[in-house]
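Please find below my notes for a colleague who is meeting this structure for the first time. They are set out as numbered points, to be read with the model open alongside.

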Amino acid sequence: AREMHDSLAHHLAVLSTLAGALEYNPQAPPEDLARAADAIRSSAHASLDDLRSVIGVLRDDPEPSQDGDSTGALERPQPTLRDVPGLVEEWRRAGASVVLRDALDDEATDHVPAALGRTVYRVAQEALTNAAKHAPGEPVRVELRGRPGDRLELAVSNGLAQQGAGDGPSGVQGSGYGLVGLAERVSLAGGSLEVTETSSEHRLVASLPWPA
């Protein structure tokens, strides 16, 4: 349920942001409209894939995979730490201003445990979705740092929405469980989540143990 919330909420937030931008600026150049339409189509397909996955899990007679494992057909490839740049690029295509600063060693990154990488990806995903909901149009910075045998840290920060920004192109509504779910996810991974807000910035930092 947590995986589905994070993934589907992200895709629908991208869809809402793109559709809102088209409504807000219908006179955009044709090439911009074409890019937005392509991004909408991609997000819609991803959302449908997520829903098919849920339906498959709920079936009483799951189809066996080629090796005879009845659960294999329900498993989808899970995101890893290497997928974070693609996540950032997806939001850029939706019109968001997102900067990624990756200070991790490439060789060490290749050996990040799958569960750890998935947790970092999901936290980044939810944090970017929250930024689109609550501070549309504000620049977002995503930072990765750490080393094996110590901690892996993800920091996501964004400016606060200006007064009247709610009339802009976002229009994304949230379930209200995003940060609660993130705290639970990070806690289950043995890490800590810190969320702070100043007069000009909202910042989320997840710190997770990184086995040597």
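1. In this predicted model, the largest nonpolar core has 36 residues, and those with the most contacts inside it are L81, W91, V120 and L154. The elements that give two or more residues to this core include the helices α1 (2–24), α2 (30–58), α3 (84–93), α5 (114–134) and α6 (178–188), together with the strands β2 (140–146), β3 and β5 (201–209). Of these, α5 gives the most, with nine residues. In soluble globular proteins, nonpolar side chains tend to be buried together.

2. For orientation, the protein chain has six helices and five strands, and from the N terminus on the elements run α-α-α-β-α-α-β-β-α-β-β. Buried residues make up 37% of the 212 residues in the chain. Among the chain's contacts with a separation of 6 or more, 71% are accounted for by residues 24 or more positions apart. The chain exposes about 11,800 Å², of which carbon and sulfur atoms supply 52%.

3. The charged side chains deserve a separate look. A search of the whole structure finds nine salt bridges, and R141, E143, R145, E153, E201 and R203 are linked in a network of such bridges. Side chains of opposite charge can pair when their charged atoms come close.

4. Because E201 lies in strand β5 and R141 in strand β2, the pair ties together parts that are 60 residues apart in sequence. E201 counts as partly exposed, at 25% relative accessibility, and R141 is also partly exposed, with a relative accessible area of 25%.

5. How is E143 placed, buried or exposed? With a relative accessible area of 16%, E143 falls under the 20% limit and is therefore buried. E143 forms a salt bridge with R203, the closest N and O atoms being 3.4 Å apart. Since E143 lies in strand β2 and R203 in strand β5, this pair ties together parts that are 60 residues apart in sequence. R203 itself is partly exposed, with a relative accessible area of 21%.

6. E143 has a further partner in R145, for the side chains of E143 and R145 meet in a salt bridge with an N to O distance of 3.9 Å. R145 is partly exposed, its relative accessible area being 29%, whereas E143 is buried.

7. S157 has a relative accessible area of 2%, so it counts as buried. Which residues does S157 contact, leaving aside its neighbours within four places in sequence? S157 is in contact with P139, V140, R141, E201, H202 and R203.

Definitions and conventions
Residues numbered from 1 in each chain as written. Predicted model: local features only at pLDDT ≥ 70, side-chain atom pairs only at ≥ 80, totals over all residues. Heavy atoms only, no water. Buried < 20%, exposed > 50% of the residue type's maximum accessible area, 1.4 Å probe, protein only. Contact = heavy atoms within 4.5 Å. Core = buried A, V, L, I, M, F, W, Y, C linked by side-chain atoms within 4.5 Å. Helix = DSSP H or I, 4+ residues; strand = E, 2+ residues; numbered from the N terminus. Salt bridge = Lys/Arg side-chain N within 4 Å of Asp/Glu carboxyl O. Areas by Shrake-Rupley, 256 points an atom, 1.4 Å probe, with all protein chains shown as cover.
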